[in-house]
Structure formats: structure tokens, C-alpha cells
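Good morning, colleagues. Please take a moment to look at the sequence and the structure before I take you through selected parts of them.

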Amino acid sequence: ATSDVVERVKSSLIEQRPPPDLAFEDTEGRSSLSGSDFGQPKGDQAFAEAFLALRAALKVVTASARPLQDKECGRKKAARQDAFDLCFKVIESDGEPPSGAQCTSEERAELRLTAASNALALCCANKEANRELSASRYASLASVLVDRDDVVRNEFARKLSHVVQSGQAPFARWAGALVLVALAPASGSEEKEEKRKAVAMASRALRVAVARQRRSHAQAIRRLPPGAGTIEVDRLATRYLPDYALPYAVHNIARTTRDDAKVSKALLLLLEPLVQTAGDKGVAFLLAACADMSGHDDASGGDNTRRLRATASLGAEVVKKHFVKNVDALGEHHGAVYLPTQLYKESSDPHALIEARRKSSEPSSVKKARKPAAKKPARKPAAKRARDSDDSSDGEVIHATSAADRAARRKSSNESVRRAAKNNQVPVREFDKENSSTSA
């Protein structure tokens with residue numbers, strides 16, 4: 001019965017265009033095109049009734065694909081795949097309805113938010129859906145955090161922060177997407193304030209989730225039987241260690257911006273809670289992960305590999321600049337570093353990874369910001385000091401005090417004394433060249 005309802009909803013509300021009479025409104029006794037095939041909203045409604053029906057239909061189709069008591073509903077995997085296809089068709093077409101009906105920008109934005117929210121809910125409710133999420137669709141869903149519409153990106157950031165903080169979604173993948181909140185555009189004062197709130201909410205969610213993942217990892221390690229091998233330890237690390245969110249974050253940031261200052265801010269949103277809950281070995285692991293990312297290619301192909309490597313290298317610089325005093329004192333990191341194969345692939349250059357690891361062990365090339373030195377009391381200029389001490393006239397030139405100048409001044413002074421003595425019969429007293437004693 002549920003499957004029949006979903007089919008009728010898809011056929012009547014999603015796949016077909018709205019009735020043509022909804023595309024017109026009466027203005028002074030004649031019909032005119034309203035700009036949207038869904039018509040005008042009535043009363044205090046934000047959207048027309050036909051559009052609200054379409055939005056509800058999207059939710060019905062997605063809800064029918066969610067599992068109930070660990071069992072698939074409807075057509076099981078096919079229903080989930082259909083729901084995914086429907087949501088991402090809307091997201092990747094910039095909010096265009098599946099029927100191709102004409103929409104306003106506000107209606108498109110609402111459809112993008114509805115589709116993204118339901119796709120995320122499907123990933124949280126179904127482990128298989130999260131595993132089946134392709135790299136391109138994951139990127140499309142993460143990009144909603146930097147949507148051009150502020151309502152869309154802020155509301156989706158709120159929902160993603162909630163699922164990350166509560167643990168409803170796999171941490172590494174979705175915490176690595178949440179850092180894009182720091183890259184959201186904001187022009188006016190209101191948008192900047194909303195962005196500040198969204199960043200603060202994401203930061204709080206990451207702190208809570210990172211601490212939970214650390215505890216879960218420690219508990220899982222304690223439950224290991226005595227003599228457990230490195231394979232078991234590495235398996236638990238890839239499942240619980242929050243540090244594995246960094247490869248996802250680097251990949252998302254690399255395809256979103258080329259501004260190094262913005263890259264640093266977005267990385268610090270994740271790195272700060274990671275480092276605060278990790279010891280030296282944890283920091284060493286982050287540096288090793290950055291080095292490995294710098295030596296790999298983008299698995300999606302295209303020309304993003306260079307930017308991906310640059311972002312990973314900058315990540316290592318940010319770690320060393322803000323959190324490391326002595327790289328050599330960190331020691332070896334715990335376990336091996338595994339990168340998600342959906343996003344990274346081995347480089348065709350065998351020396352790329354070796355060179356990246358070598359650079360990660362070097363001190364940071366970015367100088368740490370220094371506090372401005374306290375201002376010293378300004379020394380009085382030489383002319384001012386002379387006037388203060390000997391009441392010289394303002395027009396007097398203050399001579400330098402080198403040995404040659406002092407000798408010249410002595411000679412001038414002696415000649416003046418001789419002339420005065422000749423005229424006034426004053427005894428002559430000259431400075432001795434060897435010392436400061438005088439003779440008559």
C-alpha cells in the first residue's frame with residue numbers, strides 16, 4: 001500500500017507539470033503570467049499550494065526509502081536509489097523541479113534545501129545509503145553549505161551540525177564537510193552575523209563530536225584482546241579516530257576555494273578540536289596525513305590535483321605554525337594513514353609521496369605572528385638636548401662629537417682667545433693636544 005501511495009505521489013505531483021490554470025492570476029479582470037508555473041501564494045503563505053504539494057511529495061518519496069526497524073521499506077534498495085536520484089537531480093539542476101516547471105529563485109532555493117535535507121536524512125538513517133553515496137554526489141551535498149542563498153546554506157548548516165554533534169551521521173565524512181561553513185559567502189551585515197552564528201554552531205558541534213570519537217576509540221582499544229595485531233588496531237582507528245575527517249575536509253576545501261587565508265580558517269575549524277584532544281602522537285598523525293595527501297592525486301580526475309596538494313601542504317603548515325614548537329620532538333605517529341579511495345588515488349609520480357613526507361618533517365616555513373613590541377620612550381633629538389642643557393640659541397648648529405670635530409673646535413677656540421688677549425691683554429690659555437690640562 002505504501003508503495004502505491006508513493007507511485008501516485010510521484011506521478012501526480014513530481015513528474016507532471018502543474019495544471020496550466022495555476023500559472024495565471026487575475027489582475028483587473030484579465031489573466032497575466034505570474035512568473036511561476038505554481039502560481040501565487042495565498043494569504044500569508046510563503047509559497048503557492050501547488051509548490052507546497054511538490055515539496056511534500058519530495059519528502060514522501062524520501063521517507064518511504066528509509067529503513068524501519070533495520071529493514072528496507074517499499075522496494076528496498078531500488079526505492080532508496082530512486083529517492084537518491086530524485087534528490088540529487090534537484091540539487092544538481094540548481095533547484096529545478098523534476099517536471100521542468102518554471103520557478104522563481106525563491107522556489108528553486110526552497111527545493112534545493114528540501115532535496116539536500118532529505119538526502120542527508122537518508123544518509124543518516126541508512127548505512128547502505130551512506131556507503132553508496134558517490135564522490136560527486138557527496139561533493140554536491142557538501143556544496144549546499146556554500147549555496148548562494150543565505151537561508152539555504154544556514155539552514156543546511158544547522159541540520160548538518162546537529163547530525164554531526166548527535167552522532168547520527170558517520171563522523172569523518174560529514175565533519176569533513178561541515179568545515180565549508182567557514183567558506184560561506186556573506187556580504188551584508190545581517191549575512192555576516194548569520195554566518196558568525198553558523199560557524200559558532202559548527203565549531204561547537206565539532207568539539208563535542210571529536211571528544212566523543214576520542215572516547216569511543218579509547219574504549220574500543222581497551223576491549224581488544226591481549227596480543228591484538230596492528231590490523232585490528234588500524235581497523236578501529238579508521239572507524240573511530242576523528243583525525244580521519246581531515247582528508248575529507250582538505251578535499252572539500254580544495255575544490256571550493258583557492259584563497260589561502262580562507263583555507264587556513266576552514267582548516268582551523270577542524271584542527272583546533274582535533275589537536276586539543278590529541279597528544280604529540282596525534283599531531284604527528286595529522287602531519288603524516290597531510291604529507292600523504294600532498295603526494296596523492298585527486299581520484300575524481302580533472303585538474304584539481306594541483307590545488308588538492310597545495311591545500312594539503314598548507315594544512316601541514318597550519319598545524320606546525322599553530323600547534324607545534326619542535327617537529328623533531330613529536331616522534332612517530334600511531335598506526336598507518338589511510339586515505340579514502342573515493343577521493344584520493346596514488347600518484348603517477350613515485351617521488352611525489354617521498355618528497356611530501358620529507359617536507360612535512362621540516363619546520364614551518366610560515367613565520368608565526370609576533371606581538372608588536374612595546375614602544376620605547378622617544379629619545380630627545382640632539383638639538384633639543386643641547387638647547388635644554390646649555391640654553392643655546394635656536395639658530396645654533398649642534399656639532400658632532402667626533403675626534404676631528406673636537407680638534408677643529410679647539411683650534412677655533414684657541415685663535416679666538418689669542419685675538420682677545422692681544423686686544424685686551426688677557427693671558428692666553430690653550431688646550432694641550434695630549435690631554436685636557438691647561439697651561440698659561
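Predicted model: local features only at pLDDT ≥ 70, side-chain atom pairs only at ≥ 80, totals over all residues.

Cys-290 counts as buried, because its relative accessibility is 1%; buried means under 20% relative accessible area, exposed over 50%, and partly exposed in between, with a 1.4 Å probe and protein chains only. Residues are numbered from 1 along each chain as its sequence is written, and side-chain values use heavy atoms, with hydrogens and water left out.

Cys-290 belongs to helix H13, residues 280-294. Helices (H or I, at least four residues) and strands (E, at least two) are DSSP runs, numbered from the N terminus. Leaving out residues up to four places away in sequence, Cys-290 touches Leu-246, Ala-312, Gly-315 and Ala-316, where contact means heavy atoms within 4.5 Å. Glu-317 is 27 residues from Cys-290 along the chain, and their C-alpha atoms are separated by 9.3 Å.

Let me step back to the whole chain. The protein chain has 17 helices and six strands. Of its 440 residues, 40% are buried. Among contacts with a separation of 6 or more, 70% come from residues 24 or more positions apart.

After H7 comes Gly-167, with a positive phi near 80°. The buried residues of H7 include Phe-156, Leu-160 and Val-164. An α-helix has 3.6 residues a turn, so residues three or four places apart point the same way. The cover over the buried residues of H7 includes helices H4, H6, H8 and H9.

What do the buried residues of H9 pack against? They pack against H7, H8, helix H10 (230-240) and helix H12 (260-276). Among the buried residues of H9 are Ala-198, Leu-206, Arg-212 and His-217.

Now a helix pair. Helix H2 (residues 49-64) and helix H3 (residues 77-92) pack at an angle of about 145°, and their axes are 8 Å apart. Here axes are lines fitted to C-alpha atoms, for helices over the stretch in contact, and angles run from 0 to 180 degrees between N-to-C directions. Leu-58, Val-61 and Thr-62 of H2 meet Ala-83, Leu-86 and Cys-87 of H3.

Finally, two further buried residues. Glu-110 is in helix H4 and counts as buried at 17% relative accessibility. Apart from neighbours within four places in sequence, Glu-110 is in contact with Phe-47, Phe-51 and Arg-55. His-296 is in strand E3, residues 296-298, and is buried with a relative accessible area of 14%. The side chain of His-296 reaches the backbone oxygen of Asp-292 at 2.6 Å.

Key: Polar contact = N/O pair within 3.5 Å; in protein donor to acceptor, adjacent residues only side chain to side chain.
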